[in-house]
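Thank you for letting me take a few minutes of the meeting. I would like to walk through one structure slowly, part by part, so please keep it in view while I talk.

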Amino acid sequence: MVSKEEIRHLGQLSKLELTDQELGKYQSQIEEIITYLDVLDSLSLNEIEPTHSTKKFSELRKDCLKAFEGNALNVKYRKDGFIKGPRMA
Amino acid sequence: MANLVSLTSEQITLGIKNGDFSAEEYICQILYRIEKIDFKINAFITVDKKGALEKARLIDRKIRNGEQNIGPLAGVAVGIKDNICTNGLKTTCASKMLKDYVSPYDATSVKRLQESDAIVVGKLNLDEFAMGSTTEFSNNGPTHNPWNVDCVAGGSSGGSAASVAALECAISLGSDTGGSIRCPASFCSVVGLKPTYGSVSRYGLISYANSLEQIGPIGKTVSDVIMVMNAIAGKDDKDHTTLEWVPKYTLNPTKKNIRVGLVKELVEGADPAISKCIYYAMDMFSRLDFKCEETSMNSIRYSLPSYYTIAMAEASSNLARYDNIRYGFDLNPDGYEWNTYFSKVRSNFGQEVKRRIIIGSYVLSAGYYGKYYLKAQKLRSLLKKELKSLFKKYDILIAPTMPLLPFKIGDKIDDPLKMYLIDIDTVIANLSGIPAISIPAGFNNNLPIGLQIMANELQEQTLLDAALLFERATNIQRSPEL
Amino acid sequence: MVLTVNIGLEIHCQLTALQSKLFCSCYSDYRGKTPNNNVCPICSGLPGSLPLLNQRAVEHAGMVSLALGCKVPDKIMFYRKNYFYPDLPKNFQLTQYNSYGITSIGAEGKLDYDGSKKAIIRRVQLEEDPGRLVYENSDIDTNFYTLIDYNRAGVALIEIVTEPDFTDPKDVRIFLNKISSIVQHLGVCDTKLEGSVRCDANVSIGSKKKVEIKNVNSFKEVEKALAYEITRQKTMSTHDIEIKAETRHWDDLRKITKQARTKEAEQDYRYFPEPDIPTIVLGNEFLSLLKTNMPELPDERKIRFTTDYQLSEHVAQVLIDNKEVSDFFELAVNMYPSPKEIANWIVTDLLAFIDDSDQKRSIFSGLKIEAKHIADLAKLVDKNIINRSTAKMILRQIIKTGELPSQLARKTNASKIDDTGVISEAVESIFLREKSAVIDAKNNANAANFLLGKVMQLTKGRADPKIALNLITRKLTESN
């Protein structure tokens, strides 16, 4: 059971504001999908380690300076070089 | 020379180097073809006529001047899925969120293709942020299947497969998270490879699910795929998850003694017309002196839920960065309160993307992490173990690529779960990281059927050998009349 | 009823000795640069970018872990902490997390401080700094927009988390000074750089709810903030007012804690392992590498000072509290091997001239003093060329002019007078001038000191005080 409220809250966590219409449509779909995912419950995998690839310390990036040649922040709304963002309340 | 558009990469580079035709002549035919028929297919989001012609002329100049450093893919027209970054050309991910975005850097795969003198002709349509199996979730409209324009081309790399089938480019790059290269390759009767995880750099691939996805090639033939892999695969310092190796694939049309395992569960779960085709393929292999037998996999019923749990979880986090502050589309933030601004811009995601972000947040939330995400990651270990023992007995595993034939556009779009179920055959390779290829295996009612071949990690050569032999023995049509 | 106080600390230190940021090759020092000029696709969070872990950052963080007595695990991992904020380019922070297994660079350590007090270190973790938000109007609510600078985004941080075992803000200050000294001695963090060290604290009294205090901009302020907060909570408790679990910000100007403006309530950060960074296998070579490269720690240095240089515990402690000071000391000793003398000059006299209210500059800034000056001064005193009080006067002068003490001594003819004849004359002179004091002195020892003082004054401090006092005493008894 995934309630509309839960979905609304999850939306807020992801900064997605869902309309009532969307909430109505998604609720049954999402519930169905999550019920499907619940099949994982029937597995008891206590002995197993989750998958993870490894890398040696010696293979890590060396601490060297290299400036990016290009404009990483091609943003229109600026002031004195700062990027303009919405206001904090 | 007429009809250069149906040439393979090998034929194109040879022809250009031999002086049979110029790169410019070839590219003009390609561009003309796109202009003429893409309105029917809708494979392209962006076409870079100017850039393509410039590069073609550059190559022609190099050849005229007798320069030695002509790349191995000289002149070959390549399309790039629009979730792979190209410096100077828009990369939109078929989403409103990035509709104006131009990346300031090239993806490593794109850079390596350019260094091989391939010619990027444009960016190809996909499901928004690669989330989908039919390319219907695109902000640019669906891509139509060249074999039957009322049907889906598959997804999420629909544009990549359809453009190759429709002879709008010789090769294309797609990305495969849960089948997104193989599915459209199967639906469009072309060859599509998802390489071993870590064999191709993901630098510049706009992330959907980073622990599952790989960039891979789509072409008309196995030799096309090999040529692209030799150009793009191999370790990249810009991607910590790439493996320490160098690609050196060859065409081996005389390989023998390959042991083949047919995955029973996957064949049985498919449309009867498809199962029939796959059994026929197994016969083909037997006639090639391969040892074939049926085999079984226990982890299959958990693979889809495991895949979607992980993919959605990673997606929900990967897509958080789209807040329109550093890139996106034009909306002045002046006056907006930040929560409002973020929510407003993010309402531009399509419905499928929103659904996945929500479910992804759900399975990662405190309290549910152990039940879903952790379990799913553990299942991957189990699956890998099972495949490891299978690959002691078999060199390759075969199965259908898709459990069903290409269906009409709009058929499954209102039932997300139904849509997810069609990935049943393909997600195993992503969860375990093994390579998998889809090659054309036949038709039913003029709708393509694909055979999927899987091999052990970094054993692409074996997989390609089998695919090549199958291709030569069956000679299935690669492009429809359009 | 005495309420127990529990304080836990979260200390952030930037790894300022690195060339580049934690996950990309942009410059690690963002200070004074044009906004948004020190960025790349990775630290701006551009689509398709991938994090590339800095090897030396892991090394430096490993040294800190060892210095704090932590266990360094065989394998480390990075996790995503997911939340939205305009200074966070990816809207998640790459950090480390131990709830699903110990995978941070250090865990379960302990550090002794202030003699025998023990602090338990819960963990040491590596993480990235966010960008900076700047407001045109100081009243945040009146801005139409926020200005963002990503130059700092991605800079490497280590976070040190302690168990909530501290009970006294004074102890916290001593502990923080030790941490400061350790990271200076390791050479991983220049604590003088602006913003290089920050400390958040959580405080609870009795077994009541924990209050987090953020926004404390220097280690010095932490003690004040804690003292304030403890008083606030105790007062509330006495009046039976409920103490809410919340986050409060330290207001530097008004010297109070106030409720955080943003609701940093129980956020669900949905931690999961970063798929783009594999598990890093450190292995035994890593630990041996660290132990080989590990610079001398403050405690080790202190032992060396007391053993090799025979300094007292107290003097040694003062020196090692600040690496600049102990480096200065050793440099001077190298020039003139008189450690006790030099140490005393530094600890007793030189440090008194220091204005350490501004921790961000060199501790000796404003003074024209180098190690060679103190070495020179010690030499003059040791060789009896000048006496101690002359030396003190000289020191006071040279910190303003930067002259060498021996130069100044020569100029002002400040050399010690130990010629009995000359001193006798001076004594005679004073006896003639200070007739009433002489009468007093015959009965009162203190008045003799007064006379000595006058002799010193007359000889401009150059007379050998022992000889002078001798002569005065003799003359007093003579005339009896």
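Before anything else I need one definition: two residues are in contact if their C-beta atoms, placed from the backbone, lie within 7 Å. Please also keep in mind that this is a predicted model, and that every value I mention is computed from it.

With that in hand, let us begin with the two helices of chain A. In H1(A), the residues Lys4(A), Ile7(A) and Arg8(A) meet Leu23(A), Tyr26(A), Gln27(A) and Ile30(A) in H2(A). Sorted by class, this contact of H1(A) with H2(A) has four nonpolar, one polar and two charged residues. In general, two packed helices are described by the angle between their axes and the distance between the axes. For H1(A) and H2(A), the angle is about 105° and the axes are 10 Å apart, which makes H1(A) roughly perpendicular to H2(A).

Now for chain A as a whole. Chain A has two helices and three strands, and if you follow the chain from the N terminus on, its elements run α-α-β-β-β. How does its radius of gyration compare with that of a compact globule of 89 residues? Such a globule would have a radius near 12 Å, whereas chain A has 23 Å. Taken along the principal axes, the C-alpha atoms of chain A fill a box of roughly 50 × 45 × 25 Å.

Chain A also touches chain B, with 42 residues of chain A in contact with 47 residues of chain B. On the side of chain A that touches chain B, helix H1 (4-13), helix H2 (20-37) and strand S3 (82-86) of chain A each supply at least two residues. Which of the elements gives the most to that side? The answer is H2(A), with eight residues. By class, the residues on this side of chain A divide into 24 nonpolar, nine polar and nine charged.

Chain B has a second contact to look at, this time with chain C, and it takes 26 residues from chain C and 35 residues from chain B. The residues on the side of chain C that touches chain B divide into 16 nonpolar, five polar and five charged.

As background, most residues other than glycine have a negative phi, and most peptide bonds are trans. The peptide bond from Gly155(B) to Ser156(B), however, is cis, with omega near 5°, and Ser156(B) sits in the loop between strand S5 (148-152) and helix H5 (158-165) of chain B. The other detail is Asn446(B), which has a positive phi of about 65° although it is not a glycine; Asn446(B) lies in the loop between strand S12 (436-444) and strand S13 (447-455) of chain B.

Let us move on to chain C and its sheet. This is an open sheet of eight strands with mixed pairing, in the order S5-S6-S9-S1-S10-S11-S12-S13 of chain C. The edge strands, each of which pairs on one side only, are strand S5 (106-113) and strand S13 (256-259) of chain C. On average, and with direction ignored, neighbouring strands of this sheet are turned by 30° against each other. Within the sheet, strand S1 (residues 5-14) and strand S10 (residues 197-205) of chain C run antiparallel and are joined by nine bridges, and here Val5(C) stands opposite Ile205(C) in S10(C).

Helix H3 (residues 219-238) of chain C lies across S1, S10, S11, S12 and S13 of chain C, running at about 20° to S10(C). H3(C) also packs with helix H2 (residues 169-186) of chain C, at an angle of about 160° and with the axes 9 Å apart. H2(C) and H3(C) are therefore roughly antiparallel to each other, and their crossing is right-handed. Among the residues that make this contact are Leu176(C) of H2(C) and Leu226(C) of H3(C). By class, the contact of H2(C) with H3(C) has seven nonpolar, two polar and three charged residues.

One more helix pair remains. The axes of helix H13 (residues 435-443) and helix H14 (residues 445-458) of chain C come within 6 Å and cross at roughly 140°, which makes H13(C) oblique to H14(C). The crossing in which H13(C) passes H14(C) is left-handed.

Definitions and conventions: Residues are numbered from 1 along each chain as its sequence is written. Chains are lettered from A and ligands numbered from 1 in the order in which they are written. This is a predicted model: local features need pLDDT of at least 70, side-chain atom pairs count only at pLDDT 80 or more; totals for chains, interfaces and linings use all residues. Axes are lines fitted to C-alpha atoms, for helices over the stretch in contact, and angles run from 0 to 180 degrees between N-to-C directions. Helices (H or I, at least four residues) and strands (E, at least two) are DSSP runs, numbered from the N terminus. Angles under 35 degrees count as roughly parallel, over 145 as roughly antiparallel, 65 to 115 as roughly perpendicular and the rest as oblique. A crossing is left-handed if the near helix is turned anticlockwise from the far one by less than a right angle, and right-handed if clockwise. Two strands pair if DSSP finds at least two bridges between them. Ala, Val, Leu, Ile, Met, Phe, Trp, Tyr, Cys and Pro count as nonpolar, Asp, Glu, Lys and Arg as charged, and the others, Gly among them, as polar. The radius of gyration is taken over C-alpha atoms; the globule rule is 2.2 Å times the number of residues to the power 0.38.
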